[in-house]
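Here are some notes for a colleague opening this structure for the first time. Please read them with the model on screen.

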Amino acid sequence: MSNINLDITTRKEYPIEVGKGLGNTVSAWLGEHYSTDSVFVVIDENVNNLHRERLEKWCQPQFKHVYYIEIPEGERSKSIQQWKEVADEILSIGVERSTPLMAVGGGVTGDLGGFVASTVLRGLPLIHVPTTLLAMVDSSIGGKTGINHNTGKNLIGAFYQPDAVFADVHFLDTLDDKEWVTGIAEILKYGAIRNPDLFKDFESLVNKSFTANEQWVSVIAESAGIKADIVQEDALESGIRAYLNFGHTFGHALEKVAGYGTITHGEAVFVGMLAACNFSAQLGHSVDITPFKSFLPLYQRQMSPLPDDVDELIEAMKSDKKVKNNMLRLVLLNSWASPYVHDCTDYSALREAWEFALSQFNKSI
Ligand SMILES: NC(=O)c1ccc[n+]([C@@H]2O[C@H](COP(=O)([O-])OP(=O)(O)OC[C@H]3O[C@@H](n4cnc5c(N)ncnc54)[C@H](O)[C@@H]3O)[C@@H](O)[C@H]2O)c1
């Protein structure tokens, strides 16, 4: 009998550039890192209409062939069918293992494009160019890629790290307010679990119309840095990466019960964070929602009416893919910047947390 131990540890270092006008940086970086003639640019249809010229300037100097593969906007593109269409196109055009794939768009394009990159020829070099606030501060960092299955969201996918992330806030000039507000929820999450100064840093930015100025650059860079720090410590989500789910177990349930697409992921996470703060306070922790107060009107203004059947919401939480051994695990706060994982057994407290959060939006509750 022989006993062989295989020890493969792969760590990857990559740059995350956040700035305004990154064209020269990106072009130079592409030139230094790739020697292929071609690049595949998997791009969201809206971004393709609004920003194609920018992408051409970034890519044309470095590559003889730039193949743009446009995908329909929205969550429906995170499907097996869309994965197949993009993979078919790349393979029919012809691709080598060293041909890079650039995913340009929001979280949908990043997740789909990243999953295509991870699977075609068992892995193509991947560059993320996030174009929504949410993608800049969250989904482009950390290597989670994937698509949805008809039994649930993000159920097919891979951890696959990019070679680089380039977040140019110029893209945000064309972003709808609704998408800004969606992204803000993830920034508030970083404030809650790591750095409550963030609340103050951008409180003033949300009272005006959204403009991607230098202050936003620093808020995005700070947020992206927090995500990078956490992911760096726990790339495969076996420990502290779970803290990034603050508000999310509630949020996912809300998205599911409301019907996907009725409210955005960020809106649902915001409501979920209010519930998680309330639950923490019920357990005696010193957490109240005061820092969230100035952001509440943004969400109250734009959200569709929320479901109010708390039993249904709790059932939906129990079916979350992160539930282990039937135990509902929630990320709560000991205090601001001090998250922990709580095994929930007290369903009356959970119910009260939901009622509190929903009552901020549905006045009848
Ligand atoms: N991989 C991860 O770690 C991770 C983390 C969080 C969320 N996600 C995923 O991210 C997705 C949500 O991402 P999202 O909120 O960016 O949604 P999205 O990609 O659907 O983009 C939202 C909308 O903004 C448009 N858009 C994108 N950039 C634009 C721009 N610069 N100007 C104008 N319009 C623009 C898109 O066409 C779309 O209509 C979900 O599928 C979620 O599961 C992934």
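1. A term comes first. Helices and strands here are DSSP runs, numbered from the N terminus; a helix has at least four residues and a strand at least two. With that numbering, Ser79 sits in the loop between strand 3 and helix 3. Keep in mind that this is a predicted model.

2. Now the overall layout. The protein splits into domain 1, residues 16-174, and domain 2, residues 177-359. Their centres, taken over C-alpha atoms, are 27 Å apart. Domain 1 brings 19 residues to the contact, and domain 2 brings 29 residues.

3. How is the size of such an interface expressed? Often it is given as the accessible area lost when the parts come together. Between domain 1 and domain 2, about 2100 Å² is buried. Carbon and sulfur atoms give 69% of that area.

4. Five residue pairs are in polar contact between domain 1 and domain 2, both residues at pLDDT 80 or more. Three elements of domain 1 each supply at least two residues of the side that touches domain 2: strand 1 (16-19), helix 5 (133-139) and strand 7 (152-159). Helix 5 gives the largest share, five residues. By type, this side of domain 1 has 11 nonpolar, three polar and five charged residues.

5. Which salt bridges deserve a look? Side chains of opposite charge can pair when their charged atoms come close. The structure holds 17 salt bridges, and two are counted between domain 1 and domain 2. Asp138 forms a salt bridge with Lys227; their closest N and O atoms are 2.7 Å apart.

6. Another salt bridge joins the side chains of Glu45 and Arg76, at 3.9 Å from N to O. This pair links distant parts of the chain, 31 residues apart. Glu45 belongs to helix 2 (residues 45-59), while Arg76 lies in the loop between strand 3 (65-71) and helix 3 (80-93).

7. Back to Ser79, in the loop between strand 3 and helix 3. What does the side chain of Ser79 reach? The backbone nitrogen of Gln82, at 3.0 Å. Leaving aside neighbours within four places in sequence, Ser79 is in contact with Leu112, Ile147 and Asn148. Asp177 is 98 residues from Ser79 in sequence, and their C-alpha atoms are 26 Å apart in space.

8. Last, the record. An unreviewed UniProt entry places the feature "domain: 3-dehydroquinate synthase N-terminal" at residues 69-180. In the model, that span is 34% helix and 29% strand. The end C-alpha atoms of residues 69-180 lie 25 Å apart. Please compare these bounds with the 16-174 given for domain 1.

Conventions. Residues numbered from 1 in each chain as written. Predicted model: local features only at pLDDT ≥ 70, side-chain atom pairs only at ≥ 80, totals over all residues. Heavy atoms only, no water. Domains from an automatic or database assignment. Contact = heavy atoms within 4.5 Å. Buried area = accessible area lost by both parts, 1.4 Å probe. Salt bridge = Lys/Arg side-chain N within 4 Å of Asp/Glu carboxyl O. Polar contact = N/O pair within 3.5 Å; in protein donor to acceptor, adjacent residues only side chain to side chain. Nonpolar A, V, L, I, M, F, W, Y, C, P; charged D, E, K, R; others polar. UniProt positions renumbered as here; feature names shortened; annotations may be inferred.
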